[in-house]
Amino acid sequence: MIVANNVSVSLGRKLILDGVDFEARPGTLCAIVGPNGSGKTTLMRALSGDVAYRGRITIAGRDIEALKPWEAAAMRAVLPQHAALAFPFTVHEVVKLGLTGGRSGVSAAEQRNLPDRALARVDLDGFAGRFYQELSGGEQQRVQLARVLCQIWEPVLEGAPRYLLLDEPVSSLDIKHQIIIMDIARAFAQQGGGVIAILHDLNLTAMYADNVIVMNGGVVAASGSPSEVLTDTLMKRVFECPLRVGALPAQGGPFVLPQSISGPPA
Amino acid sequence: MVSDTHSISGSVMRGRSHGDRSPIARLVILLLALGVVVTAALSLTAGAADASAYAVLRHWVFGGSAAGPLSLRDQVIIQDIRLPRILMGILVGSGLAISGAVLQGLFRNPLADPGLVGVSAGAGLGAVSIIVLGGTSLAPVVAVLGIYALPLFAFIGSLIVTLILYRVATRQGRTSIATMLLAGIALSALAMALTGVLVFVADDRQLRDLTFWQLGSLAGATWPKVAASSPIILLGIVAAPFMARGLNALALGEATAAHLGVPVQRLKHVTIVMVSAVVGACVAISGGIGFVGIVVPHLLRLFIGPDNRYLLPASALLGAIMLMAADAVSRTIVAPAELPIGIVTAAVGAPFFLWILLRRRGVIDL
Amino acid sequence: MLQRFSARGLRVLFLATSVAVGSAASATATETAVLPNSSRIVSIGGAITEIIFALGDGGKLVARDSTSIYPEAALELPDVGYMRQLSPEGVLSVNPTGILALQGSGPREAVDVLKKTDVPYVEIEEDWDRAGIVARILAVGMAIGAPDRAEMLASEVERKLSEVVRLTSAIQEKKRVLFVLSTQGGKIQAAGANTAANGIIELAGATNAIEGVDGYKQLADEAVIEANPDFILMMTRVGEHGASDDELFANPAIAATTAGAEKHLIKMDGAYLLGFGPRTVDAVKELSERLYGDRISD
């Protein structure tokens, strides 16, 4: 379990996160939603150990500040929102970087094929020999995900669940690849790992998340299951725009329909 | 996956399409290692004088009596002129090239070169301090450290510049290319200004040492110099491969490297100290030989890719070959006189640098 | 006959006659080496080359350094580079039987290596005064096995020098001379004490306008004005034209001096002026004549 307890982050004088409490259980996909500037990415960076914070964050009961980098790397993998790459690495080489310090959990013999398997999972078969810099933004994002998957390929290692921290994993993907990637995330959770993902698409959130955290102004505005959280009033208040939340007849899950702000809905 | 029993050429072919360039890289390293041996052997026989390296080798192996008479002149030429120079060429060439590659990995930028960003100038300032003040205010230091005073002070000079450079150019794990190059210019200018002050107070004899040394040359190669610098440079060359995986991860940025399990802060500290020590040692014995640190890694990246596990050893080998070759040119082209090697490397390196700039203009635009 | 001990004898004689000129003692401090075989000599230092040619032994030379540009025959010899930047292998590549080098040849490492071979390496001292010239001629002559001819040359040079020095030392109002090595970037690089330029200025009966500075140093503008030289002395450079003279006098510091106001500039060939070899007598004479006009030639 990843637990954040009363976590606050300041950048300069500005308070970005103000006393956030948060929990991500293994076996679940936890979505973080909220408007721009609400503190989603800062929360993710605090969970990844990238920014200094007050309060306490633990992973499997261990304070993340006390973890050695390689210990943390064996417990969680992080997909950043933007990943710059210096030097002309091939796609294969980038994915293989995922094996730098973590523990994939597969045998040494299998590990040699792991980059190819990871690329196949993100629908990039045959891209191994291409240069990373020559790919489109969406393709690059999937290469990065393949790299992240290599790091903790087995969702559970020696009985300990592991975590994927994904900052907007589908932001530049087409609909087909959004679904492929979200399916990977859900499968990871179903096999016993934990997933924390920042998402902008509320319908993908409704479809895939077991648990939703709504961030607003640096605090948690609400948390719970999608049907508990994705309500007309809360969404309107948080996103400050008209939204209509309906229920899908088949699964009974919510769906969100954006409305024009300037004109009244037809 | 295909097993390793395939022939080398087979695996090279396979490597291309699979994006795994390590088979090619291993082959290139093997060839470069052979190249070092061949170049060293050729350098031993090349020179202004017609000394027979073969006769000297025979003399070493079989002793004086069995091998027949050996002229002292030939023995001195091979043993005291060419051999220390070749060793120094190998040390300095591999040291500068590997430092360049490591520095580029650290700054995540192919333009970082010890000469361009002021590290060499800092080392020069340290070395000049010893040359000029070694007899007066720094005399106690020289008395204690002996032949190691020069490389040690060069190391301190380059360390200070590298630390300042890193502090100025890197903010929150992101290195600004423009800031790095501009800070490098400023730090070079500062180091040279301070060097200028020392040059001003230097006496005539020291001045001669200085001008000779500032041009960059292996001509001053002697066994004591090889002995003084080789532990530092060899230590750096041996240490570098241990940084390779971390430097690879650093290509994705500091934060991602940390997520991948790399102890980033420690890696940065170790690389900065290593680069400073190696550049310091190189500059202390050979002066300002430029462009090796930028040309060699860049050339290799074109063939074997940027993976530091292969790039670092390959850079050391190619650096050694290039400097030995450049030195052979400098020794023979205007024989019986000699062209400073810094001129040879700059004549080849500067146009190459411009070519990189042209190719990568989009990346460098500020 | 005289030959065996003559060098020493002449030196003693010389010592006795040159007290007025000063530091002759240092020139005689080292023993002169004799090359066992002087058939193939490398000469490092313009003065040495000039002396060897003046002794009529130019044929023994197999290489020279880049400062050896007189006489013209020297230019046909292979050049082993600048005397302070020697390549030891280059020097050895001409298969010399002996190396004659001015003190201060380098780099140190190269000289150390050369001394390790069985090729004799003779260092010739460099003193920029009257005694130095004579001592050097004798030392070179001894080394190449021509002590008698060296003695003749030395005594001739010494005789001429005494003659000139007798005249120049009689001068009461000594002119102040500033030797300018270069004016690069408007900065005046001038000669202080312990330089060849200082030596020649004093021999010519003038005083160095710069005091309290050792070696060749860059001068502040105010130091140039303070020195207030009557004459500027410079070396002629190859391919030079009149423009650089104007440039010199356009320098505000130079313009503020007597030399600047009266456009007093003397230019002489560098090797001739600063070589301190057999030709130095003529250089001294020429310089003093150009400084003092007919007052010097009695």
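Student: Which residues does Ile200(C) touch, leaving out those up to four places away in sequence?

Tutor: In this predicted model, Ile200(C) touches Leu273(C), Leu274(C), Ala283(C), Val284(C) and Leu287(C), once residues up to four places away in sequence are left out.

Student: And what about the largest nonpolar core, which members touch the most other members there?

Tutor: Ile200(C) is one of them, together with Ala185(A), Val102(B), Val140(C) and Leu178(C), in a core that counts 282 residues. Helix α4 of chain B, which covers residues 72-107, gives the most to this core, namely 18 residues. From chain C, the core draws at least three residues from domain 1 (3-167) and at least three from domain 2 (176-295).

Student: OK, switching to chain B, how many helices and strands does it have?

Tutor: Chain B has 16 helices and two strands. The chain has 366 residues, of which 55% are buried, and among its contacts with a separation of 6 or more, 79% are between residues 24 or more positions apart.

Student: How many residues of chain B are in contact with chain C?

Tutor: There are 22 residues of chain B in contact with 26 residues of chain C. On the chain B side, the elements that give two or more residues are α4 and α9 (204-215), and the largest share, six residues, comes from α4(B).

Student: What classes do those residues on the chain B side fall into?

Tutor: The side of chain B that touches chain C divides into eleven nonpolar, eight charged and three polar residues.

Student: Now the other partner, which elements of chain B supply at least two residues to the side that touches chain A?

Tutor: Here 28 residues of chain B are in contact with 28 residues of chain A, and α1 (8-18), α10 (223-250) and α11 (254-259) of chain B each supply at least two residues to that side. The element that gives the most is α11(B), with four residues. By class, this side has eleven nonpolar, ten polar and seven charged residues.

Student: Where in chain B does pLDDT stay under 50?

Tutor: It stays under 50 over residues 1-16 of chain B, a stretch for which the model has 15 contacts beyond four places in sequence. Where pLDDT is low, the predicted coordinates should not be read in detail.

Student: And what does pLDDT average over chain B?

Tutor: Chain B averages a pLDDT of 83, and 88% of the residues score at least 70.

How values were computed. Residues are numbered from 1 along each chain as its sequence is written. Chains are lettered from A and ligands numbered from 1 in the order in which they are written. This is a predicted model: local features need pLDDT of at least 70, side-chain atom pairs count only at pLDDT 80 or more; totals for chains, interfaces and linings use all residues. A nonpolar core is a set of buried Ala, Val, Leu, Ile, Met, Phe, Trp, Tyr and Cys residues joined through C-beta atoms within 7 Å. A residue is buried if 20 or more other C-beta atoms lie within 10 Å of its own, exposed if 12 or fewer, and partly exposed in between; C-beta atoms are placed from the backbone. Domain bounds come from an automatic or database domain assignment. Two residues are in contact if their C-beta atoms, placed from the backbone, lie within 7 Å. pLDDT is the predictor's confidence in each residue, from 0 to 100. Ala, Val, Leu, Ile, Met, Phe, Trp, Tyr, Cys and Pro count as nonpolar, Asp, Glu, Lys and Arg as charged, and the others, Gly among them, as polar.
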